Amino acid sequence: MPTHSASCFLLSNIPPALEGLVDLALDMRWSWSHVSDVIWQQLDGDLWERTRNPWLILQSVSESRLARLAEDAAFVALVQQQLHDLKAVLATPGWFQRQHDGVLQQVAYFSMEFGLSEALPIYSGGLGILAGDCLKTASDLGVPLIGVGLLYQQGYFRQALGADGSQREFFPYNNPAQLPVTPVRDAQGEWLRVSVHLPGRELRLQVWQVVVGRVHLYLLDSNDPLNLPADRGITGELYGGGWEMRLQQEMVLGIGGWRVLHALGKRPEVCHLNEGHAAFAVLERAADFARENHCDFSVALNATRAGNLFTTHTPVAAGFDCFSPALIRQYFDGHYQSLGLDGDALMALGRPPEGPDGPFNMAWLAVHGSAAVNGVSRLHGEVSRRIFQPLFPRWPRVEVPVSHVTNGVHVPSWDSTAADAFWTRHCGKDRWLGELETLEETIRQQPAEAFWDLRALGRQQLVDYVRGKLAEQRAESGAPPEQVEAADKVLDHNALTLGFARRFAEYKRPNLLLTDPERLARLLRDAQRPVQLVIAGKAHPQDNIGKAMVHAWNRFIEDYGLQDKVVFLSDYDMLVAEQLVQGADLWINTPRRPWEACGTSGMKVLVNGGINLSELDGWWAEAYSPAVGWALGDGREHGPEWDAHEAEALYQLLEEEVVPSFYRRDEHGIPREWVARIQASSAELTPRFSSNRMLREYVEQYYLTLAEEYRRRSAEGGRLAAEIEDWRRAVSQHWDKLRFGDLTLSRDGELYRFRLQAYLDDLSPEMVQVELYAEPQAEGEAPERIVMRRIERLAGAMNSYLYAAETPAQRPAGDYTPRLVPHHPAVKTPLELPLIRWMR
């Protein structure tokens, strides 16, 4: 719980009876647990609806108003009860404490952005929303997670639409005093600051904290008066500026972030890098270990990488942050040389083993500094193995060491009030706090009428919200009063409502529906089966193609006179997203496969009874079945020339399947076929694509194992890590001299018998493994790897051996190829040493 020192930011004095408001306002658990909403509505209902920022409300409320409420016994009792309940929740052991208490102490989660609430606008899109959902889920489950990020003075831009429908950008200032953040204090009560060395100067970084239930998020801020004016703006804007500023930001996040943890006395066993932006943390963590244990950098990296996890969200290699060698040398000259990491060795960490030239790639650094790498959907895992193939030359793609954990969403953050009541009634209020195995069957048993009522209420609330926001939007753009008033008549509470919201970028194809505008207009104007569309999305300020697509949608609405059927909501943020996912009947997503690493917007409609129509990409490639929604595409990759074909398929799906299904009603007015899809989608997919499932997978598949391995390698000052470094150097030194001799094959009934000669130069035979390898026989299967036995020395040759293996004769013998790979019982090959030698 935060201390009352935060009250120094308040403009009003809080009466003693209401001091609990400070703790309630500064714990962002209110962003998903809405029991305290009534308090903020009572303090300032209008400000609450517009900002959802309790801390700002406390900044704004008058002392006289607070004094009157302090004399209201019912209100005081409500505050005290909410404070008591919050403390009780935080003190109750979570899933992690019940299942894994004492096994893992801390996980540090580094991310360039965090989307917790619109009250803390330090996010731009899916990466940040995922990070925010991860922190919230960690609080729910009791996972000992610490967040590390940046406090941006402007954050991401805000969008408005001009009178002609074009995008306009604004960059309002984030006043920390009005954000739910407080300064972090050191043991002497001083504001905690850490520094990062930049060329010719030290960058001072202020540290703020955000309370997220049981979890704390630490944010670094360069806006210190003692910094140079240009340096004060390093944390000014999310994804703003040029490549030098991006490098500076990533140094602040990775190096500065790790130093914050060190200054706070925190020693996380696991460091989770949410994308490559944070990869400099692996350098600072290793340097920290080297200083404390008086070892060189390579040993320290062997020790600390055992506790590092890298999650990539990037579906194309061009999406990784890459910096010029000159820029890296300029900023890192002398940083770690005293620890044994010179400039060439540093550059090698950001390059593939057979690419001595070229830029410094942050994703390559993350891979070279981690013990596990994962993509964010099953398909993205496959795509990532292809992207990272250059780091593992001559290794089969199927063995490139990238797995996957499919993203999920924090369901309590995205369900409507009605959906929350529906699920609570049938599954209990603690349904997202532990195991989820019983939820599917329980939800499937609920009657169709209940799902249809839930869906109708969500749609009606969305229509009301859109009308109000559109009126504001039109007024802000200077529309005449009659147009502002007409906003109250747009859309229909009972019409099929399509939701379509995303970042406007070319690969997401947000204008696929506009391929044939006449056809789309006919679909929307059908009086017997009305269809309406609510759209939202921003284009990056420098993305002229994306901005042109925003303009094209608004021109379409104007040119075809569809203002009552299609609404483009400006300034797509978490508040807008919340309304859309709670109200849309059908969520449409049209990325170009495989460019959607996961995509989570469609997951958010599931709990609210929405259905998906999406490209077979990202999460939908593994979620789709005809029972739960509709799919676009053939499951293969195509270029832009395929867009027209998929646009035709999209129109056909809407005209021939989606719209008829929605309007095919029984005698009670219920579309049974449509509701059956709602039932199946809600029951099967909501638990499966929740962040509860996602974070439990991270804990049980990665965090626990990584923590144990880190403890092993770091024990006794890194003794095992030093042993691994000796092994790595020996294997690397002799690898080119290893060779094969003769291979003999015989068949004994239903067995193949292989005999192979191998010459190991001066390497101990325990340092390598001789294998037979055969490619997978079907898609999705694992390759066949048979470890050959060393059975005798070869006569007349030094350190040479005969190896043998037998395998069932169930496929051609020619499918098997002998190979040599490095082997150490404590090393992950090929991730930590990607050498391999094949018998030609």
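Visitor: Buried means under 20% relative accessible area, exposed over 50%, partly exposed in between (1.4 Å probe, protein chains only). Which is Arg509, buried or exposed?

Guide: Arg509 counts as buried, because its relative accessibility is 6%. This is a predicted model, where local features need pLDDT of at least 70, side-chain atom pairs count only at pLDDT 80 or more, and totals for chains, interfaces and linings use all residues. Residues are numbered from 1 along each chain as its sequence is written, and side-chain values use heavy atoms, leaving out hydrogens and water.

Visitor: What about the phi of Arg509?

Guide: Arg509 has a positive phi, about 50°, although Arg509 is not a glycine.

Visitor: Let's switch to prolines. What kind of peptide bond joins Arg593 to Pro594?

Guide: The bond from Arg593 to Pro594 is cis, and its omega is near 5°. Pro594 itself is placed in the loop between β18 (586–589) and β19 (611–615).

Visitor: How about the bond from Thr829 to Pro830?

Guide: The Thr829 to Pro830 bond is cis too, with omega near 10°. To see Pro830, go to the loop between β27 (817–822) and β28 (837–838).

Visitor: New topic! How many disulfides does the structure hold?

Guide: The number is 0, where a disulfide is a pair of cysteine sulfur atoms within 2.5 Å.

Visitor: Is Cys134 buried or exposed?

Guide: Cys134 is buried, because its relative accessible area is 1%.

Visitor: And what is the story for Cys295?

Guide: Cys295 is in no disulfide either, and the nearest cysteine sulfur is again that of Cys271, 17 Å away. Cys295 is buried as well, because its relative accessible area is 16%.

Visitor: How far apart are Arg728 and His824?

Guide: Along the sequence, Arg728 and His824 are 96 residues apart, while in space they are 9.1 Å apart, C-alpha to C-alpha.

Visitor: Last one: which ring does the charged end of Arg502 sit over?

Guide: The ring of Phe500, with the charged end of Arg502 at 4.1 Å from the ring's centre. A charge sits over a ring if NZ of Lys or CZ of Arg is within 6 Å of the ring centre and within 35 degrees of the ring normal.

Visitor: And what does Arg739 lie over?

Guide: Arg739 lies over the face of Tyr759, at 3.9 Å from the ring centre.

Definitions and conventions: Helix = DSSP H or I, 4+ residues; strand = E, 2+ residues; numbered from the N terminus.
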